[in-house]
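Subject: Structure handover

Hello,

Here is the structure you will be working with.

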Amino acid sequence: MERFSGIFCNFWQEYGIAGAVLVAILFVTFIIELYYYFGVYASVAGFRLSKRTKRTTKEPPVTVVVPIFNENLAYLDEGLVALLTQDYARYEVVAVYVGNDENFYADLSNLTKLYKHLKTTQIAFTPCYPVSTKMALNVGIKAASFEHIIVTTTEATPASSRWVALMAKGFAYGDIVLGYCGIERTKGFSNRIFREYRLATSVAWLASAIRRHPYGASRHNMGFTKSLYFGARGFNHLNMNVGEDDLFIQQVGTADNTAVVILPKATCFERQWGGWSWWFNRVRYFGATRRFYPLRAKTFSAIELWARVLFFASTVLALVFLPNELRITAGAMLAVRFLAVEFTLLRISRRLNEGNIVGMHFLFDVIEPAIRLMVRAMLCKHNASSWR
């Protein structure tokens with residue numbers, strides 16, 4: 001005891017209150033980091049929907065609603081066919097075409113001859129009254145024959161033919177079903193960053209939903225009942241072109257009505273249409289809803305991010321200025337945190353069908369705060385395209 005007292009006195013005499021604060025920050029942020037990765041984010045990897053109370057044992061008939069905003073014939077041959085050939089007994093696909101190309105709509109309608117469970121509808125496009133995704137989805141939901149709705153986009157492709165079946169099982173546990181959609185895997189450093197960012201943001205709202213505080217969703221892979229939708233009078237914030245996922249879930253999601261489906265074959269992948277400019281524009285466009293998030297949702301992942309910044313900074317200062325004993329301790333804590341992050345992310349990536357993403361994660365782990373700062377700076381500027 002006297003030895004520790006002597007060490008403390010010597011430390012205080014040499015480093016004073018600044019050194020004590022530095023050590024305190026180092027240990028507190030280390031504990032916060034371990035709590036998030038082992039206690040919060042690890043729940044995504046270990047989650048089993050079967051642990052929740054089951055409402056019914058029946059497999060419900062499902063309607064998949066997909067708005068089509070451009071005359072993409074390749075989508076009719078590939079993406080839409082992937083929706084129409086799902087391995088599920090009773091479901092339909094409602095395709096809502098927004099446009100004026102009658103030839104394209106004729107090609108779309110002709111698919112109903114091959115696939116009897118396809119329904120099509122058209123909304124004329126007029127420049128003076130643009131149609132948002134919310135409006136197209138509303139038309140599709142009204143046209144749906146079944147109570148249980150799954151919405152997706154032409155930008156996303158299901159990971160398997162079991163996608164509808166696995167998402168439909170979620171309705172046995174809740175009126176809202178949340179699934180994951182990553183970004184397709186391609187070559188290049190930028191693609192790795194885009195995928196890492198999507199995974200990080202998605203893990204935050206998935207973990208929060210698992211902890212019974214839903215605040216986010218993927219517009220490419222989510223479901224809800226018609227009763228819930230019309231009971232809430234449809235999507236909120238109709239003065240915005242966005243928010244059909246996160247703002248809507250914040251309006252209708254509760255601790256008991258939200259089910260999360262975390263299985264590799266229940267995921268989707270969004271096509272990457274461009275590089276950094278494309279990605280920044282999309283993050284800025286859809287990020288316009290963040291200002292309306294409740295405080296709990298805003299701070300949920302921000303706490304970990306700030307703890308990470310402070311931990312890295314205090315570790316560097318400890319390695320430079322503190323005595324050898326604390327340098328070794330700081331280095332050991334950095335290594336433990338790194339292993340905790342890699343281990344947790346490896347488990348999560350397997351559940352979310354995100355292969356080959358862990359190896360270089362240490363780089364994203366370091367630069368993510370800077371990326372988040374740039375995103376926040378972009379969101380401070382009004383984005384007129386997000387509003388009607």
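Helices (H or I, at least four residues) and strands (E, at least two) are DSSP runs, numbered from the N terminus. The model is predicted, so local features need pLDDT of at least 70 and side-chain atom pairs count only at pLDDT 80 or more, while totals for chains, interfaces and linings use all residues. Residues are numbered from 1 along each chain as its sequence is written, and side-chain values use heavy atoms, with hydrogens and water left out.

Pocket and cavity

A 1 Å grid is laid over the protein atoms alone: a cavity is a set of points where a 1.4 Å probe fits but cannot get out, a pocket is an open set with protein on both sides within 12 Å along at least five of seven lines, and lining residues have an atom within 4 Å of a point. A volume is the space filled by probe spheres set on the points, which are joined across faces, edges and corners.

The second largest pocket has a volume of about 600 Å³. Its lining has 27 residues, and Asn70, Thr153, Thr154, Glu155 and Trp273 lie nearest the centre. Helix 3 (73-77), strand 5 (156-158) and helix 11 (276-286) each give two or more residues to this lining. Helix 11 has the largest share, three residues.

The largest cavity has a volume of about 30 Å³. Pro67, Thr133, Leu137, Val151, Thr152, Thr153, Arg219 and Glu244 line this cavity. They divide into three nonpolar, three polar and two charged (Ala, Val, Leu, Ile, Met, Phe, Trp, Tyr, Cys and Pro count as nonpolar, Asp, Glu, Lys and Arg as charged, and the others, Gly among them, as polar).

Helix 8 and its partners

The axes of helix 8 (residues 189-210) and helix 14 (residues 361-380) come within 10 Å and cross at roughly 75° (axes are lines fitted to C-alpha atoms, for helices over the stretch in contact, and angles run from 0 to 180 degrees between N-to-C directions). Helix 8 is therefore roughly perpendicular to helix 14 (65 to 115 degrees; under 35 is roughly parallel, over 145 roughly antiparallel and the rest oblique).

With helix 11, the axis of helix 8 comes within 10 Å and crosses at roughly 15°, so the two are roughly parallel. Phe189, Ser190, Ile193, Phe194 and Tyr197 of helix 8 meet Trp276, Trp278, Trp279 and Val283 of helix 11 (contact means heavy atoms within 4.5 Å). The residues of this contact are eight nonpolar, one polar and no charged.

Regards
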